[in-house]
Protein chains: 2
Amino acid sequence: MTATSGALRLVADVGGTNARFALARPDGRCETAANLRVADFPEFDDALATYVQRLDRQTRERIASAAFAAAGPVEHDVVRLTNAPWQLAAPHIADQLGGVPTAIFNDLQAVALALPFLGHSDVAEIGPVPRYEAEPPDRMVAVNVGTGFGAATAIPAGDGWTACPSEAGHMSLPAANAEEAELLAALSPGRAATLEDVLSGSGVGALYAWLSGGEPIAADAVFARVDADPTARRTVEMLSRWLGRASGDLVLATAAWGGAFLLGGVVSGWYNLCNDSAFRAAFEDKGKMRARMGGVFSGVVTRQDVALLGLAKAPVAGV
Amino acid sequence: MTATSGALRLVADVGGTNARFALARPDGRCETAANLRVADFPEFDDALATYVQRLDRQTRERIASAAFAAAGPVEHDVVRLTNAPWQLAAPHIADQLGGVPTAIFNDLQAVALALPFLGHSDVAEIGPVPRYEAEPPDRMVAVNVGTGFGAATAIPAGDGWTACPSEAGHMSLPAANAEEAELLAALSPGRAATLEDVLSGSGVGALYAWLSGGEPIAADAVFARVDADPTARRTVEMLSRWLGRASGDLVLATAAWGGAFLLGGVVSGWYNLCNDSAFRAAFEDKGKMRARMGGVFSGVVTRQDVALLGLAKAPVAGV
């Protein structure tokens, strides 16, 4: 089979602002990538039709399957975008594409499905544990901290992988001492604090405001002040601890011995400033599991378009 | 195919004290069950051989697959019992059984694999939410509180189900206020508190001791005192809250919208005394997910031998 005759998978990673389309080969390499703005199209169908119409007929005929990721919860093969009016329904899209097998994933599920296929240059370590490439491969968890907190787990299933989504951002935020408990009560009056109350863009700003006694500022502004502002440094230190604690908890919740893989806007800003040892101390401080957690990898995903890689590799029924 | 000629699966649920063997039909019904004492056999092989030798030849020839659950972590198709010197290795056992496809699971994974097949009389509700039988079916989480705290998730995969194990008992125990944070610091000096520090047999006793200022007693003794002892009542109340909080967190960690299914010795003792509304309030108090959690089922598994049902239905490669 030559490169021009091989089967292609139509993939798209749909966020609140942009929809990134591409044609993926089985090895995950993408061609004919295009970025369409969500605001330019009333429906996902319209954006999809626009992308497909730009392809030549021979290329279109090589599309053998389709997989889409969207920033929203998936229910019964349908996903509604959290931050845009689009809805993606797998059976409807399959019809539009002439009946090719089609699957829809939550965007973090797509990231999780990429984890087993990341190369050495796609990941940077947090702490001293090298990435473990187990045979047979182990579960891995993706942890995204950006506007919100999200996570999904890659789980071996049959000959391939499946991805378990989550709403981990709404789990209880664990306080380790009375000062932390006081902070949480202040950040979430009248209800239990959740991970997202601290581990998110606005959460970092709220944490800084509480520590400084001032107004919330953007997470990037906190990170930019670290050299000059002890409160910003303290914010990053507490963020390191809570992020380590939450990532370690998610490893335990899903037995993800293959490691925790962090990404997202807050992680990108935090990573260059972070205290690896504060992160790892909290990641490993898990009672009888301390020794085992001491051998579990944690790192940051540095590769772009990792969701498209996951979609290229995702299980699609009928393929 | 008649009942006597059908294929059977050899199943065994191996704990630290007892190994329960049976022959399971595809619908999950078991026959020829036997309970062997772990202490009576130097190796699992010996117990297995003893059970198989008791079967008549025609029955032995109907064994088409085997699935075992053991109380310990599974690594590379091998599980070492946590509380006994036995080791179970799937390839070795398959040889012993004449080459039939064989799989090994952690005991909680086996319980999780049974959840989709539990009938109405096998489960009792905690709180007002009826059990939801979704089509297509949703993820579900099994939560076991006994000697320790364990959990596993049932996840749809392909045409069947897979089970994601966990070490959830070692996740951070979330304090919701300064009093709880003080308690946790007392229960786990020098390290972060874990779920098992409260949510386990010895944890309940330690919680009672801290509240009463006395010595730890057994969880059953705490439950037996509830009518006469306000401290025992308070212990059960706090247990209800933490168990609800932890079960809700595990639902969120794995998007287990199909519900949380509790079982184990501590759950059995607690369930008759518990305050449903305290459990549910903590289960649902999850920030932006409060409304959604308000519709998620929680309940107690009342059926015995649920692990054997899970093994009867478990995916076994080659079957």
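**Entry 1: the two copies**

I superposed chain B on chain A in this predicted model. A rotation of 180° does it, with 0.0 Å of shift along the axis and an RMSD of 0.0 Å. That is how a two-fold axis relates two copies. I then checked the contact residues: 100% of those in chain B recur in chain A, so the same surface serves both copies. Which residue of chain B comes closest to the rotation axis? I found B:Pro174, with its C-alpha at 2.0 Å.

**Entry 2: a sheet in chain B**

Next I looked at an open sheet of three strands in chain B. Its order is S5-S6-S7, and the pairing is antiparallel. Which strands stand at the edges? They are S5 (74-75) and S7 (87-89) of chain B. Each has a single partner strand, so one side of each lacks a neighbour in the sheet. I followed S6 of chain B, residues 78-80, into its pairing with S7(B) and noted three bridges, antiparallel. One pair I wrote down: B:Val78 has B:Ala89 in S7(B) as its bridge partner.

**Entry 3: a hairpin in chain A**

I moved to S11 of chain A, residues 149-157. Five bridges join S11(A) to S12(A), and the two run antiparallel. Across from A:Ile155 I found A:Thr162 in S12(A). The hairpin of S11(A) and S12(A) has two residues between the strands. What phi does A:Gly158 take there? I read a positive one, near 60°. Last, I checked S12 of chain A, residues 160-164, for cover. Four of its five residues are buried, so I logged the strand as mostly covered, with buried taken as under 20% relative accessible area.

Methods: Residues numbered from 1 in each chain as written. Chains lettered and ligands numbered in written order. Predicted model: local features only at pLDDT ≥ 70, side-chain atom pairs only at ≥ 80, totals over all residues. Heavy atoms only, no water. Least-squares fit on C-alpha atoms with pLDDT ≥ 70 in both. Contact = heavy atoms within 4.5 Å. Pairing = 2+ DSSP bridges. Buried < 20%, exposed > 50% of the residue type's maximum accessible area, 1.4 Å probe, protein only.
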